[in-house]
Amino acid sequence: MDPTRDNPLIRIKAFIDGLGIFTLFAVILLLIVGAGAIFGWFGKTETPEDAAGDIRYGIRKEIDSAQATVLTKEQISAVVGDVAGKLASSKPLAIEKPEQIVPGSDTAKKLAEAPAADLGSIDAPAADADAPIDPAVMEIGKAQFMVCGACHGQNGEGGPAGPPLAGSEWVTGPVSNLVIIQLRGLKGPITVAGKVYNFPAGMTPMAYQTDEQIAGVLTYIRNSFGNKASAVKPEQVTALRGEVGKPQATVEELTKP
Ligand code: HEC
């Protein structure tokens, strides 16, 4: 019989050795699991739906951050508001007869609320009236004039659908007349350079043009075909935007040139 078998001291030592080895393994295992958690060795257990969701959220995050670097929410809404405002103010075009306005409609309200423009200040000679004409403005005007030329002749000589612009006292006269004709159109008899014209349909309003385009085309006709007059400024057009939507103007409503 083994003499150590019944020695309690040896048994206790064997037990303590075993406990020590067990503790050592436990510590090593804990270290491995801890390091694994920190460095992500084991990966996540996730469903295919989770994985697909992760990809979608990732893409969404990338798009959001890309957009955030381009425009802020405030900038975007400012632009959208601006465009909407421009669209609203560019409509409607002039209407043929006042009775075509529906009472209580947006158009009726807009016309009732439109402030009366101060024609005197629009037509007052500008301090820089003699300044040389900006060639860039003439370029804008020339491009716009393609449409006008269809009725008024490409050299402003007049034609079967419009009176002449060359040598017209209206063209070199008060700016407010010219802006009103662009924004509301014109009908009824008109005397141009001593000759009476009366076109059945008159001139259609061309309020779809921007203030810069209208200023450009008016500056262009005032300084082409032998005409010479001061430039028209976009602000002079802006000041009369309230005219948009009113019926075609008549000569009686204009300032005598
Ligand atoms: C659809 C044909 C047509 C187009 C396009 C047109 N007009 Fe007219 N325009 C007329 C007619 C017609 C009259 C005269 C209206 C009347 O009988 O009272 C007129 C009158 C005028 C007058 C005052 C009279 C004069 O001869 O000086 C000016 C200024 C004028 N138009 C400028 C323009 C400009 C600038 C454009 C382009 C942005 C333009 N028109 C586009 C037909 C047109």
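A polar contact is defined here as a pair of N or O atoms within 3.5 Å; within protein, one atom must be able to donate a hydrogen and the other to accept it, and residues adjacent in sequence count only if both atoms are side-chain atoms. The structure is a predicted model, in which local features need pLDDT of at least 70 and side-chain atom pairs count only at pLDDT 80 or more, while totals for chains, interfaces and linings use all residues. Residues are numbered from 1 along each chain as its sequence is written, and side-chain values use heavy atoms, with hydrogens and water left out.

A backbone N or O atom of Gly188 lies 2.6 Å from a ligand oxygen, and an N or O atom in the side chain of Ser168 is 2.6 Å from an oxygen atom of the ligand. A polar backbone atom of Phe199 is 3.5 Å from a ligand oxygen.

The ligand is surrounded by 24 residues (a heavy atom within 4 Å), the closest being Cys148, Cys151, His152, Gly188 and Met203. This shell comprises 18 nonpolar, 5 polar and 1 charged residues (Ala, Val, Leu, Ile, Met, Phe, Trp, Tyr, Cys and Pro are nonpolar, Asp, Glu, Lys and Arg charged, and the others, including Gly, polar). At least two shell residues each come from helix H6 (135-152), helix H7 (175-184) and strand S1 (190-192) (DSSP runs numbered from the N terminus: helices, H or I, at least four residues; strands, E, at least two). H6 supplies the largest share, 4 residues.

Both H6 and H7 pack against helix H8 (residues 211-222). The axes of H6 and H8 are 7 Å apart, at an angle of about 85° (lines fitted to C-alpha atoms over the stretch in contact; angles run from 0 to 180 degrees between N-to-C directions). H6 and H8 are therefore roughly perpendicular (65 to 115 degrees; under 35 is roughly parallel, over 145 roughly antiparallel and the rest oblique). Contacting residues (heavy atoms within 4.5 Å) include Phe145 and Cys148 of H6 and Val217 and Tyr220 of H8. H7 and H8 pack at about 125°, with axes 11 Å apart, which makes H7 oblique to H8.
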